[in-house]
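Please open the structure in a viewer and keep the sequence at hand. The stops below are to be selected one after another.

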Amino acid sequence: MTKEKKKYTVLLLSAPIGSGHRLAAEALKQVLSNNPEVEVVHGNVFDFFPHFLGSTFLRCYLWILGCCPWLYELAYKWGNSQGGSLWLRGLINRSLAWLGGGYLRRVQPDAVIATHATPAGIMCYYKQKHPEVFLGAVVTDFTVHKWWLCEGVDAYFVADARLKERITVSAQVEAFGIPVRQELQGNDYAACRAQYGWDKEEKVCLVMGGGEGLLPMEEMLAALTAAHIDKLRLVAITGHNEKLAHKLQQRFAMHNLQASKSTDKNTGNTSNPVEIYGFREDVPQMLAGADMIITKAGGLTCAEVLASGLELLLYKPLPGQEQGNANFLQAYYGASVCQSLAALVAAVERVANAERPVEPQKPQGNPLAAEQICTFVLQKLAP
């Protein structure tokens, strides 16, 4: 901060490849915006080049994940090896640093926090001419890809202390956790269940992660309802995929009617009720009141689940960072990784039949990660 500037300018740089990188930056913005000495700018690295290029790239990326995941696996593994992939990374980052020069000159950041590997690499080239800028990199997965590792980053923030050894460049490394939104804090289990009308005797299973069409929610719900698991309530959230929400509502409308008749006749909850929602602002409260969740193995989603204290069930992780996340969470956080519908049904049945602890399960993640990262960065900026 110079004499001409009355505030520190902190630039949060993310990439719209999956929602996790953007949501991590938004969590940091929530905290920084409360500081009167800070001006926060949330930038998107795709703003560095024409809009149509970014849109085309995203469509291709989603198509590959949905139709050719093996191709993504090859690219991920090649990128995680030494040699040619790092040369390509350097070429991409140098080119984007040149394209983003005008944007960065306008913003004039005192600090940059990158929540994706590409903007972290771009800023390393920018720092060669602007060494006074503090550069932090928030790794939003429970694994560390080699494209994250760039000389010039001042501090890395990782999800778990066991990941520190994977940062092999000269930088400070802090294991504060993946930053999650403040709305996850302070929610009461019983109060949230009462808010949604969930009976205290039933187990509530959230099903999330199908917003981009990468999780077969219809097949999963059909398999779970067919199993007739006692005292289980299914709550599916499709996000912005309203078309999927409408389809599921039509598919399970008759099922819910049968579930209602079954309960009315006092024959036991032999047909599980299914709630279907599109985009919800109150997902943190739903997480607080549920008992388990079936979802993708995205780093940000899993961090929110860990911070909420639910049983984590991961279904068919995609090759690449999702598989890395799943392996780590299974080994150290007790997550269940299900590679088939039969395995998924068995895992849900196990959790549904388990005795509920007297006290709600304590969060395994760190709900205060965003606050701790921001405090660290601002201390580095202080004179």
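**Salt bridges**

Begin by selecting E218 and K247, which form a salt bridge with the closest N and O atoms 3.1 Å apart; the term denotes a side-chain nitrogen of Lys or Arg within 4 Å of a carboxyl oxygen of Asp or Glu. E218 belongs to helix α8 (residues 217–226) and K247 to helix α9 (residues 242–264), distant parts of the chain 29 residues apart. Helices here are DSSP runs of H or I with at least four residues, strands are runs of E with at least two, and both are numbered from the N terminus. This is a predicted model, in which local features need pLDDT of at least 70 and side-chain atom pairs count only at pLDDT 80 or more, while totals for chains, interfaces and linings use all residues. Residues are numbered from 1 along each chain as its sequence is written, and side-chain values use heavy atoms, with hydrogens and water left out.

Next select E275 and R233, whose side chains meet in a salt bridge (2.9 Å, N to O). E275 lies in strand β9 and R233 in strand β8, so the pair ties together parts 42 residues apart in sequence. E275 is buried at 12% relative accessibility, and R233 is buried at 16%; buried means under 20% relative accessible area, exposed over 50% and partly exposed in between (1.4 Å probe, protein chains only).

Now display the six strands of the open sheet, ordered β9-β8-β7-β10-β11-β12 with parallel pairing. Its edge strands, β9 (274–277) and β12 (336–338), each pair on one side only; strands pair if DSSP finds at least two bridges between them. Three bridges join β11 (residues 311–315) to β12, and L314 stands opposite V337 in β12. Helix α13 (residues 341–353) packs on the sheet, touching β7, β8 (232–237), β10 (292–295), β11 and β12; contact means heavy atoms within 4.5 Å.

**Helix α7**

Finally, select residues 189–196, helix α7, where C192, R193 and Y196 are buried. Seen down the axis, the buried residues of α7 fall within an arc of 100°, so they line one face of the helix; the arc is taken from the directions from the helix axis to the C-beta atoms. A194 and Q195 are exposed on the other side of α7. The cover over the buried residues of α7 includes β7 (203–208) and α10 (283–289). Just after α7, G197 takes a positive phi of about 75°.

Methods:
Axes are lines fitted to C-alpha atoms, for helices over the stretch in contact, and angles run from 0 to 180 degrees between N-to-C directions.
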